[in-house]
Amino acid sequence: MTVTRFAPSPTGYLHIGGLRTALFSYLWAKKNNGKFLLRIEDTDKARNSKEATEAILKAFDWLGLNHDGVITYQSQRDEIYAKYIKQLLDEGKAYKCYMSKEELTQLRETQMANNERTKYNGKFRDFDGTAPEGIEPVIRIKAPLSGEILVKDGVKGDVSFQAQDILDDFVIARADGAPTYNFVVAIDDHLMGINEVIRGDDHLSNTPKQIVVYEALGFDLPKFYHVPMIHNSAGKKLSKRDGATDVMAYKEMGYTPEALLNFLVRLGWSHGDQEIFSMDEMIHLFDPSDINKSASIYNTEKLDWLNSHYIKNSSNDLLAQLLTGYGLVLSSHDKKEILLDELKKRAKTLKDLADLTKEILTTPSSYDEKALKKAFKGDAVSVLNAFGAKITANDNLHLPSDYHTAMQEIVTELEIGFGKIGQPLRVALLGKMSGPGLDSVMAILGKDETMLRIANAIAANS
RNA sequence: GGCCCCGUCGUCUAGCGGUUAGGAUCCAUGGUUUUCAUCCAUGUCACAGGAGUUCAAUUCUCCUCGGGGUCACCA
C-alpha cells in the first residue's frame, strides 16, 4: 500500500509551496488507494507554535485535503527517539561527543580560513577515556567516511554523492537530549510506514544523511521524489516574505479551492495539454514520475484565469452560498439566477463577484461624470421620461425579455437608435457606462427600483 | 567556496533523434454584444552558448555560461 505524508514544521502558516507538495502526496496516496498521513515536526520547542499547527489544519480543511489516521506530533515521541539513540549507542554506531561549542566554532573557523569544507573532525569518534567535566555531550552518528551514497530519486533520477564530500559524524541528539531533524525524519517515516516520500528538492542534499540513519537502524528506504521548488518572480525560493503565500490569504482574496488546487497541480506537473483538472481527474491522472525536474516561477495570471473559469462554471446556488462569506444574502432574492448569470462571467474572484453584486443592488448615489456628459446630451431626459411612463403603465414586467420589449417599443415609437435610450438608461441605473445587459439589470432590480433610479437620473439632469 | 539539481515563448508547459517546435496564460487585433464582460477567430513571442556523437539534434555526451538548492546542537 502506498503511504505518503506531509510533514510541516509549524513555524507559520501553510504556504503555496508546502501546499503543492502536500497535494502531490495526497493525490498519489489517493490514486493508489493508500494513505496520506500528517506529521507535525515540532521538535524545536523554541520556534514552534500551536497556532501554526492550527492554521495549517485550517488550510487543509478549506481545501478539502483530508489526511488519514491520526496526526503524529514529533514532540510527543521523545521516548521513541531515545530508544533508537540508545540502540545506536549500544551498537557502537553512535557516540557521545564532548567537544564544546567554542571548540567546534574554532574548528570551523580554521577550516574556513584554510578554504576547507567545514566538518566535524571525529575527535570523539573512538574516544574511550574519561569524559571531560562540565560538558553535556551531544550524540553523533558514525557516518561512512568514504564511498558513494546513491539517492534513487523518482523525479531527478539517480543522484550520487561522495561521502567524503558531504558527510561527517553529524549530531543526532543535542546536548539537552533532543533529537535532530535528519534523525527523527528517518525514524518517523519508517515507523509510520511511509514508503513514498514526496517533498521539496531542498531536501535532496539532506537525503544522504537520512540514508545513513536508515542504514544504521536497518530500515528499508522509501521511494523518494524530490519536487523542484516554486520560485518567486526574482527566481528565488518562495519565502514568507513574498507576500500572498499564505494559503488562507487566497481564500480571503476570493479564490476557490478548486482553482487554487488546479493551479498548483499544474506547477511542475502536467498531463499533455490538459489545463483543467477536477479533483477526480487529478487523482486518476497524477503520477509523481511525470513531475518536472526544473523549478517554476510563481505567477498568478493563470490562477486568475482558472479562478474565473471555476466561478463561471459554478452553480448559482453554490455561488450564493459562497457569497454569504462576504455578507451577501441572495437566497431570498427572486432574481438570483439572472443576477448571478450576468455577474459571474465578469468576476475574477469571489470578492469581485461580491463587489459587483453589491454595486448593482445599491442605488447610485452619484454618476460618473464622463458618462453623464456623453449619455445626457440632446433629448436624453425626454427619452427617459417616455420610457419611465411606458414601464409605469405596464404591470407585466418580470423577465429581462419583458423589459427588452419595452425598450424595443420606445425605440420604434420615438424612431431612435438603441443607443439613444441605452446610454442614458445605463447611467441612470448603474451610474456609469458599462455593466450587464440593461434588460437583465431592470429585471433584477424590479420595476419599483428601476423607476426610482430613472427618476433620480431625470431629477439630477433637469 | 565545496557538493547537488536545473536551463523550450514573459509565465505554466508538451516534446522523449527526423515536428511548419504544440497547448495554455498574458498581450495585440478582429467578430459577436446598444456598453462592459463572456464567447469565437487571428496574430506576436522560445529550444542559453559552444564543441562533439549521428545521415539527422530541442532531444544523447562534454564544456562554458546562467539560475537555484544545500552545507547547524533549524526543520
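Colleague: How do the residues of the surface near RNA strand B divide into nonpolar, polar and charged?
Modeller: This is a predicted model, in which local features need pLDDT of at least 70, side-chain atom pairs count only at pLDDT 80 or more, and totals for chains, interfaces and linings use all residues. Residues are numbered from 1 along each chain as its sequence is written, and chains are lettered from A and ligands numbered from 1 in the order in which they are written. A residue is near the strand if its C-beta atom, placed from the backbone, lies within 6 Å of it; Ala, Val, Leu, Ile, Met, Phe, Trp, Tyr, Cys and Pro count as nonpolar, Asp, Glu, Lys and Arg as charged, and the others, Gly among them, as polar. The surface near RNA strand B divides into 18 nonpolar, 21 polar and 20 charged residues.

Colleague: Which element gives the most to the surface near RNA strand B?
Modeller: Helices (H or I, at least four residues) and strands (E, at least two) are DSSP runs, numbered from the N terminus. With 4 residues, the element that gives the most to this surface is H18.

Colleague: At what angle do the axes of helix H1 and helix H9 cross?
Modeller: Axes are lines fitted to C-alpha atoms, for helices over the stretch in contact, with angles from 0 to 180 degrees between N-to-C directions. The axes of H1 (residues 16–31) and H9 (residues 257–265) come within 10 Å. Their crossing angle is roughly 80°.

Colleague: What are the dimensions of the box that the C-alpha atoms of chain A fill?
Modeller: The secondary structure of chain A comes to 19 helices and 12 strands. Taken along the principal axes, the box is roughly 110 × 45 × 35 Å.
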